[in-house]
Amino acid sequence: MKIRIFVISFLCLLLGICGCADLDQEIVFEELTPSPIQEPAEVSSFPTEVPTKTPLLPSPVPTIPAPTPVKTQVSLTQLEIFLALPRDEENVIIGSYEFSEDIELIVSKNGVNMRDIPSTEGKRISAFSKGQRVIAHGVENGWVKVTVLPGMFEGYIRSDFIGLYNPEDIYYANPIRFTVEVKEIVNGVEVIKKMTSNFVDVREYIPSIQTYIVFATPDNYTGKTLYARDICLLEQGTAKKLKKAQELFMKDGYSIKVYDAYRPSTVSGIIHDFVGDSAYAADYGKSTHNRGAAVDITLVDMDGNELEMPSGVMELNEKAHRNNKNMSEEAKKNMDYLTEIMTSCGFRTYSKEWWHFTDTQVNQYPASDLDFTKIYYELPEDRNGE
């Protein structure tokens, strides 16, 4: 029997985590520093290797058009209501409830299963990582009915694996390593070689750097949120070069601001179809972003103000061209300064996008299609064992 809640005033209760069994084996990334968390019920364990038969890793990245955006702003009263719902000894909510407002929450463990019905007997839709944002619509028999942002999946997650969303929390991705086999034609002969990727989270690898990953928000030229997580990944070799550049900029009183780094191949396909011009958006698997060896960046001063440049970042027109004769002297000076440092650190430019820089060793990395929901994430205190 569902109870519609309108006015309830209770003290906030802390959410906990507990469970038993129902483990799945599906996720395919090798963790260099795996989380020490003991797997609870409705939590999937992640295998240690990625299949090596294809250079592109399939993933359920959202397609355009995305569903109508759900509400993410809720009243404190509504959140208090959710926190005050009765729970059993395993911290599972007792009963069924409808929310008068949607509530933004998070998945509180790594590898948590989503089901198509509110039961462990339901079909497993997918598994999600710690910190994954979800929109909760109600509770059915102790299972929270949720939409996983940005609208990729809808289903049920058991309530003891749902936690409070804190916008100030930063979830770092654990290092990701995998090997793929790539076919190449050498002197007319098909050759298969192995290529290894070793991704790091730039936000942790270069703590001083600023990020605003536009495709993790609707604030981009597609108007859609295309990344399930606000994450900034690069190949470690590329990240080392970017770290060197950041150190040089910091000496002059500036900082890099990253708008995009690694981009899954499926997202590149979506963007290519939307833009309709390969000069500005490479197709599936063809972008240097797909290799984790390219960045879209600008510079900011120590107050976070962006320096004047020929155009806005991601402004896809002739204003963004490096040979734009109408740019101001200040914009050209700043662009040239940005270019000088980046090229000295092992990056090359792109003539039609002043903000785009590619690692000169890009071809040693494979293109891939990582699913951001399947990566292990940890808070800084998890790293420190607190």
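Which residue in strand 8 does V144 stand opposite? I looked this up at the outset and found I157 opposite V144.

**Entry 1: basis.** I note that the model is predicted, that local features need pLDDT of at least 70 and side-chain atom pairs pLDDT 80 or more, while totals for chains, interfaces and linings use all residues. I count residues from 1 along each chain as its sequence is written, and side-chain values use heavy atoms, with hydrogens and water left out.

Entry 2: I took helices (H or I, at least four residues) and strands (E, at least two) as DSSP runs numbered from the N terminus. Strand 7 covers residues 143-148 and pairs with strand 8 in the antiparallel sense over 6 bridges; pairing requires that DSSP find at least two bridges between two strands. The two strands form a hairpin with 4 residues between them, and G151 in the turn has a positive phi of about 95°. I then checked the covering of strand 8, residues 153-158, and found 5 of its 6 residues buried. Buried means under 20% relative accessible area, exposed over 50%, and partly exposed in between, with a 1.4 Å probe and protein chains only.

**Entry 3: the cores.** I use "nonpolar core" for a set of buried Ala, Val, Leu, Ile, Met, Phe, Trp, Tyr and Cys residues joined through side-chain atoms within 4.5 Å. The largest such core has 61 residues, of which L233, L242, F249, I256, L338 and M342 touch the most other members. Helix 5 (residues 329-344) gives the largest share of this core, 6 residues. A second, separate core has 23 residues, including I93, F99, M152 and F153.

**Entry 4: Y262.** Where does Y262 lie? I found Y262 in the loop between strand 15 (254-260) and helix 4 (265-275). Y262 is buried, with a relative accessible area of 1%. Its C-alpha atom is separated by 4.3 Å from that of G292, 30 residues apart along the chain. Beyond its neighbours within four places in sequence, Y262 is in contact with F199, Y227, G292 and F372, among others. I also noted that the side chain of Y262 reaches the backbone nitrogen of D369 at 3.4 Å.

**Entry 5: aromatic rings.** I counted rings of Phe, Tyr and Trp (its six-membered ring) as a pair if their centres lie within 6.5 Å; planes under 30 degrees apart count as stacked, over 60 as edge-to-face and the rest as tilted. The count comes to 12 aromatic pairs. The rings of F82 and F99 have centres 5.9 Å apart and planes at 90°, so this pair is edge-to-face. F82 belongs to helix 1 (residues 76-83) and F99 to strand 3 (residues 96-107), 17 residues apart. F82 is buried at 0% relative accessibility, and F99 is buried at 7%. F128 and F153 form an edge-to-face pair, 5.4 Å centre to centre with 65° between the planes. This pair links strand 5 (residues 124-128) to strand 8. F178, F199, F215, Y221, Y227, Y262 and F372 form one aromatic cluster.

**Entry 6: cysteines.** How many disulfides are there? Taking a disulfide as a pair of cysteine sulfur atoms within 2.5 Å, I record a count of 0. C232 is buried at 1% relative accessibility, and C345 is buried with a relative accessible area of 6%.

Note on methods:
Contact means heavy atoms within 4.5 Å. A polar contact is a pair of N or O atoms within 3.5 Å; within protein, one must be able to donate a hydrogen and the other to accept it, and residues adjacent in sequence count only if both atoms are side-chain atoms.
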